[in-house]
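Subject: Handover of a structure and its findings

Dear colleague,

Please find below the structure that I am handing over to you.

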Amino acid sequence: MNKEEFLSVLEKELEVLPEEKRKKAMSYYKACFDSVDKLSEQAIIFKLGSPKLIANNIIKEHQKSIKFENLSDNKKKIFSFLENIKKGNYKFNTKNIIIAIILILIFIFFVLPLLGNISVVLFAIICAVFGVILAVILLPLVVFSIGVGLVFVSIFSIWDIKNTFLPLILGIICIISSYFIGRFMYKKIKKLYLKLKV
């Protein structure tokens with residue numbers, strides 16, 4: 001397949017689109033081939049992929065935008081919110097966190113009861129996942145708290161040297177290890193977030 005065949009197939013597949021959208025798409029793909037020789041032409045065609053698949057994706061996007069335009073303002077906000085989460089453009093601000101909590105509560109109290117017995121299993125899975133996530137996030141804080149508690153106990157039982165030394169050492173170890181656990185967790189969560197965002 002050469003440039004002319006590629007563009008011809010693409011244009012034929014895009015006939016269902018309005019003229020303005022079709023012209024815009026065609027001008028973009030024609031521009032991809034500007035100032036290239038025959039060898040580069042084949043590389044660009046290989047990189048772009050099948051013109052039928054490209055046309056199919058453009059048509060789907062067009063249909064999605066038409067559906068979006070026909071939605072009410074509230075539904076548009078919810079749809080945009082869900083799309084942003086899907087694309088990784090979610091911003092952690094108070095408004096979005098409240099919306100997420102409301103959506104989760106709606107799912108738990110209105111959608112799960114409609115599912116019957118399956119809802120119990122789904123609810124258990126959701127609780128387990130959130131429980132593990134919460135435990136992992138709070139682990140450094142828990143270890144730090146234990147360390148501070150042990151140091152505190154050892155300071156107030158200073159007159160009993162024999163019983164003070166072990167809690168003091170364990171407390172210091174817990175405080176230091178909480179720092180390293182927290183740093184390790186932060187790096188892993190950041191790495192996971194960047195992977196999901198891409």
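In what follows, a helix is a DSSP run of type H or I with at least four residues, a strand is an E run of at least two, and both are numbered from the N terminus. By that definition the chain has eight helices and zero strands. Read along the sequence, its pattern is α-α-α-α-α-α-α-α. Please bear in mind that this is a predicted model.

The chain as a whole

Of the 198 residues in the chain, 18% count as buried. The accessible surface amounts to about 15300 Å², and carbon and sulfur atoms supply 70% of that surface. Among contacts with a separation of 6 or more, 53% are between residues 24 or more positions apart.

Helix H1

Helix H1 covers residues 3-13, and Phe6, Leu7 and Leu10 are buried in it. Viewed down the axis of H1, the buried residues fall within an arc of 90°, so they line one face of the helix. At the start of H1, a side-chain oxygen of Asn2 comes to within 3.2 Å of the backbone nitrogen of Glu4.

Helix H2

How many salt bridges does a search of the whole structure find? The search finds one. It is formed by Glu19 and Lys23, whose closest N and O atoms are 2.9 Å apart. In general, side chains of opposite charge can pair when their charged atoms come close. Both Glu19 and Lys23 belong to helix H2 (residues 19-32), where they are four residues apart, about one turn of the helix. Glu19 is partly exposed, with a relative accessible area of 46%, whereas Lys23 counts as exposed at 52%. The cut-off matters here, because exposed means over 50% relative accessible area.

Ala25 also lies in helix H2. Is Ala25 buried or exposed? Ala25 is buried, as its relative accessible area is 11%. Not counting residues up to four places away in sequence, Ala25 touches Leu14 and Ile58. Ala25 and Ile58 are 33 residues apart along the chain, and their C-alpha atoms are separated by 8.1 Å.

The aromatic pair

The structure contains one aromatic pair. Tyr28 and Tyr29 form this pair, which is edge-to-face, with 4.9 Å centre to centre and 90° between the planes. Tyr29 is buried, with a relative accessible area of 13%.

Helix H8

Ser178 is found in helix H8, which spans residues 161-197. At 7% relative accessibility, Ser178 counts as buried because the limit for that term is under 20%. Which residues is Ser178 in contact with, leaving aside its neighbours within four places in sequence? They are Pro140, Val143 and Phe144.

Met185 is likewise placed in helix H8. Met185 counts as buried at 15% relative accessibility. Leaving aside neighbours within four places in sequence, Met185 is in contact with Val136 and Pro140. Met185 and Leu138 are 47 residues apart in sequence, and the distance between them in space is 10.0 Å, C-alpha to C-alpha.

Yours sincerely,
A colleague

Technical notes: Residues numbered from 1 in each chain as written. Predicted model: local features only at pLDDT ≥ 70, side-chain atom pairs only at ≥ 80, totals over all residues. Heavy atoms only, no water. Buried < 20%, exposed > 50% of the residue type's maximum accessible area, 1.4 Å probe, protein only. Arc of directions from axis to C-beta. Polar contact = N/O pair within 3.5 Å; in protein donor to acceptor, adjacent residues only side chain to side chain. Contact = heavy atoms within 4.5 Å. Areas by Shrake-Rupley, 256 points an atom, 1.4 Å probe, with all protein chains shown as cover. Salt bridge = Lys/Arg side-chain N within 4 Å of Asp/Glu carboxyl O. Phe/Tyr/Trp six-rings, centres within 6.5 Å; stacked < 30°, edge-to-face > 60°.
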